Amino acid sequence: MKFLKYFRISLFMAAVLLAVSSCKAPSELAVVEARPISTNKLLKRIEQNAFDYDYLTIKRINCNFSSSQSKAAFKINLKAKKDDRILVSISKLNIPVGRVLLTPDSVKYVNYIDRNFFIDDYSYLSSFLNIDLDFATIQSIISNNAFSYRNDPRDKDFKTFDALIEDNQYVLQSEKTRKLSKLEEKENKAERRLKRLNDQALILQKMFFNPASFALNRLLISDKTNDRNMNLVFDDYTKVENKEYPGTIEMNFHSPEEEIEMKIRMSGFSTEKITSFSIKIPEKYEEIRVN
């Protein structure tokens with residue numbers, strides 16, 4: 001399954017880029033002391049400082065990817081239109097490798113090397129990354145807004161998150177544990193809830209925000225149950241339309257089966273109108289089923 005192996009690598013890189021490509025943070029700002037703040041107030045300040053765009057282009061994204069099984073260097077171009085679509089083009093040695101087109105309803109991937117493609121919803125991507133991912137979540141992250149990786153209404157509304165201060169940064173943290181209440185509930189209902197708690201209670205999400213700009217500086221997702229951790233750190237900031245973007249991103253993913261490291265350097269930012277989001281599937285390309 002050469003296609004699936006290559007697709008997982010390229011789609012993983014695309015998803016990480018989408019998840020961090022617009023995180024902005026201050027460069028050379030005066031040190032501001034983080035003071036106690038409520039969760040609602042922190043969320044409000046984060047939303048007020050979120051990057052609002054109609055179009056976004058990142059022309060040059062250099063990625064160095066390494067895992068326990070392989071190493072690769074890619075170049076990526078990203079285009080986004082708010083509330084509509086996101087296009088990621090992947091190349092190697094100036095040769096087109098593949099394209100990923102995200103819309104509110106679908107994920108479309110074309111592999112120019114193996115001459116195949118697939119079209120699906122977000123279930124495969126969510127399953128691969130172990131994150132409940134959809135277009136709205138990706139767009140929230142691109143806007144530098146807070147997000148939850150879990151598809152639970154309480155989490156999406158941040159009702160299970162707490163505001164903390166750590167290393168003079170504001171931290172938005174999901175609950176470490178959840179207690180089962182109302183044990184007098186019907187047994188089948190209690191069992192269903194216990195199963196959900198067992199699946200999610202030991203997964204911790206932490207987002208670190210700068211106290212001056214309320215911009216996302218670091219993202220940490222820790223799955224204690226399966227001993228999996230993902231850590232993203234942003235640095236080397238540059239100005240784009242009076243906003244600050246990271247020029248470099250470092251990602252580390254650990255699990256018992258895999259160690260992944262990715263280093264990203266970005267340049268060529270633009271918010272000018274984009275007229276084309278083309279992705280064509282040649283007639284002779286084979287369709288691959290992943291679900």
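Student: In this predicted model, what is the bridge partner of Asn-116 in strand 14?

Tutor: The bridge partner of Asn-116 in strand 14 is Glu-286.

Student: What makes strand 6 and strand 14 count as paired?

Tutor: Two strands pair if at least two bridges are found between them, and strand 6 and strand 14 (residues 286–287) are joined in the parallel sense over 2 bridges, so the pair meets the cut-off.

Student: What makes strand 6 mostly covered?

Tutor: Of the 5 residues in strand 6 (residues 116–120), 4 are buried, that is, each of these has under 20% relative accessible area.

Student: Why is Gln-173 called buried?

Tutor: Gln-173, which lies in strand 8 (residues 169–174), has a relative accessible area of 10%, and because the term buried applies under 20%, Gln-173 is classed as buried. Not counting residues up to four places away in sequence, Gln-173 touches Thr-160, Phe-161, Asp-162, Leu-164, Leu-204, Gln-205 and Lys-206.

Student: How much of the chain counts as buried?

Tutor: By that cut-off of under 20%, 52% of the 291 residues of the chain count as buried.

Notes
Residues numbered from 1 in each chain as written. Predicted model: local features only at pLDDT ≥ 70, side-chain atom pairs only at ≥ 80, totals over all residues. Heavy atoms only, no water. Buried < 20%, exposed > 50% of the residue type's maximum accessible area, 1.4 Å probe, protein only. Contact = heavy atoms within 4.5 Å.
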